[in-house]
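Trainee: I'd like to learn how to read a protein model piece by piece. Could you walk me through a few features?

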Amino acid sequence: MRKFITGMLVLVFVFAALLPIENHAYARTLYSAYVKSYTLKVRSQSSTHYRTLRTLTMGNKVKVTGIRGAYSKISYGKTTGYVQTSSLSRQKYKAYNAYVTVYTLKVRSNASVHYAVRQTLTLGNQVTVVGKGNKYALISAGGTKGYVQNKYLTTTPFSPYTAYVLSPTLKIRDHASTKYQVLRTMQIRDQVTVIGKGNKYALVQVDGTTGYVQANYLGSTPPPDLGYVTTQYPYTLSDAVNKQMSTSPQTDAKYSLFVPKSNLFFDGSQWLTTADTGVRGGADNNTWVVTQLAQGKPVQVLPFDNNDWYQVKFNTGWVNASPSDVQYNLDPNNFPNGTDGAFQFLNLSAPTAVNADEVNNKILNGRGILAGKAAAFIQAANEQHINEIYLIAHALLETGNGSSPLANGIQVSSINGQPVESKTVYNMFGIGAVDSDPNTKGAEFAYQQGWFTPEAAIIGGAQFIGSNYINSTVYHQDTLYKMRWNPAKLGPATHQYASDIGWALKQATIIKGLYNLLSTYTLRFDVPRYN
């Protein structure tokens with residue numbers, strides 16, 4: 001009997017040994033594993049040629065009951081089948097917190113932009129990352145799971161900080177675009193808490209309101225103290241335009257050009273003027289004369305349907321400005337507070353208390369002979385009662401950023417042909433440097449003024465500018481606007497620093513750019529008003 005039982009056991013073991021199992025034998029191992037790919041197909045057999053029983057997703061927990069080659073036999077719920085072993089991990093993914101770095105982030109049902117959106121997150125939202133692939137992360141937020149792109153998450157939470165409004169007004173909106181609803185309007189110097197920041201917009205909180213503002217209108221320090229006064233002039237803007245038009249104000253703008261047909265003829269190869277001709281800004285003798293053409297000048301005739309006028313084209317250069325362009329540049333309402341153009345109303349008759357080290361480091365660094373000369377500009381500003389940033393901007397322009405021969409010193413041994421003691425002179429503002437011979441005449445003028453050091457040239461040049469315009473006892477042209485237009489002159493327009501209608505605006509833009517580099521200063525503005 002014992003031999004019979006022993007023989008039966010041997011047969012059982014032999015039979016069991018002959019049974020086919022996964023990879024030679026059914027493994028008796030049983031362990032849990034986790035799906036680490038975005039999706040994983042469970043197939044009826046260990047090959048991609050067999051049908052799909054169901055699809056698992058990242059993080060699903062399965063039971064591994066066997067191994068067959070590159071496949072694992074698993075069970076998940078009521079489903080038993082085969083999956084690729086490389087898509088499983090025996091270690092559960094270690095979840096961690098992350099934060100959204102973009103204004104809006106769509107959470108999708110699968111790892112592709114083609115799938116449905118389950119939820120939309122906003123800048124700074126906290127999520128839990130419960131799985132991660134090469135491009136997408138599986139996250140959980142507010143009870144919703146889904147996929148987002150890895151690049152829009154960070155493990156470092158944003159550190160809130162206090163900021164100040166730098167513009168006259170700043171709108172807080174419910175999304176990061178000017179197309180969205182305004183929640184609140186802030187004023188200059190108002191304080192907000194920045195709780196998130198993107199490339200262009202910042203997410204801020206103030207008194208229970210949370211929304212987006214344009215980040216470039218916020219600063220970490222309170223903006224400088226800005227004072228505004230207005231000066232009323234006893235005539236209308238239209239009167240001002242008419243007064244300026246009588247002086248042939250200039251512009252480098254391009255206009256459509258027209259001449260009477262009677263003043264052109266075609267010589268077989270080109271169109272030529274038959275006489276000295278006024279070129280107008282419209283096909284009408286009542287429009288302004290843009291420029292003049294001498295007799296015999298060639299022009300290109302453009303297609304234009306008119307019985308009496310040709311539209312023409314030729315190189316113009318500087319021309320007479322149109323009345324509408326003159327009015328635009330004259331009208332203070334076109335340059336509101338906070339814009340670059342408003343700096344043409346900056347009062348230039350007083351220093352603005354800038355910091356010398358900051359000016360040297362942020363403005364004059366690398367500016368040739370002017371580098372390190374902040375103290376001289378500040379001294380000149382204090383002595384002559386002139387805005388030091390205006391003086392710097394003027395000097396940078398005239399000296400080519402401190403590189404011109406006049407700025408770097410010219411040896412003078414004669415003046416107007418008469419010998420003098422040979423000395424090196426400096427001229428930082430191009431004073432006396434006439435177009436016909438700028439270096440010689442500018443150097444001779446500097447010699448006569450005693451500008452034998454760069455500092456003397458800065459201080460002396462400031463005195464010349466101040467006495468003739470900014471602090472003149474006759475003209476009181478203490479803003480760029482006044483220097484260009486001289487609005488206090490009730491009669492004909494005279495004593496104007498430049499003929500270019502855009503001169504004040506161009507200078508204002510430069511000065512505003514320099515102030516943008518600084519943090520400490522005090523400004524005063526004098527804004528003109530017309531009846």
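**Reading the features**

Mentor: Gly400 is partly exposed, with a relative accessible area of 39%. Keep in mind that this is a predicted model.

Trainee: Where does Gly400 sit?

Mentor: Look at the loop between α6 (388–399) and α7 (405–408), and you'll find Gly400 there. Gly400 and Ile410 are ten residues apart in sequence, and 16 Å separates their C-alpha atoms in space.

Trainee: Why is Asn401 called partly exposed rather than buried or exposed?

Mentor: Because its relative accessible area is 37%, and partly exposed covers the range between the 20% limit for buried and the 50% limit for exposed.

Trainee: Which loop holds His476, and what is its relative accessible area?

Mentor: His476 is in the loop between α9 (454–470) and α10 (480–485). Its relative accessible area is 47%, so His476 counts as partly exposed. His476 also has a positive phi, of about 50 degrees, without being a glycine.

Trainee: Okay, strands next. Which way do side chains point?

Mentor: In a regular strand, side chains alternate between the two faces of the sheet.

Trainee: How many bridges join β24 to strand β30?

Mentor: Four bridges do, and β24 and β30 (residues 309–313) run antiparallel. Within that pair, Leu257 stands opposite Val312 in β30.

Trainee: What joins strands β5 and β6?

Mentor: Six bridges, with β5 (residues 71–76) and β6 (residues 79–84) paired in the antiparallel sense. Tyr71 stands opposite Gln84 in β6. The hairpin of β5 and β6 has two residues between the strands, and Gly77 takes a positive phi near 60 degrees there.

Trainee: Last one: which residues gather in the patch of positive charge on the surface?

Mentor: That patch brings together Lys61, Lys63, Lys92 and Lys145. Find Lys61 in strand β4 (residues 61–68). With a relative accessible area of 48%, Lys61 is partly exposed. A residue needs over 30% to join a patch, so Lys61 clears that cut-off at 48%.

Conventions: Residues are numbered from 1 along each chain as its sequence is written. This is a predicted model: local features need pLDDT of at least 70, side-chain atom pairs count only at pLDDT 80 or more; totals for chains, interfaces and linings use all residues. Side-chain values use heavy atoms; hydrogens and water are left out. Patches are made of residues with over 30% relative accessible area and no salt bridge: like charges are joined within 9 Å, nonpolar side chains (Val, Leu, Ile, Met, Phe, Trp, Tyr) within 5 Å. Accessible areas come from the Shrake-Rupley method with a 1.4 Å probe; for residues, only the protein chains shown count as cover. A salt bridge is a side-chain nitrogen of Lys or Arg within 4 Å of a carboxyl oxygen of Asp or Glu. Lys and Arg count as positive and Asp and Glu as negative; His and the chain ends are not counted. The place of a charge is taken as NZ of Lys, CZ of Arg, CG of Asp or CD of Glu. Buried means under 20% relative accessible area, exposed over 50%, partly exposed in between (1.4 Å probe, protein chains only). Two strands pair if DSSP finds at least two bridges between them.
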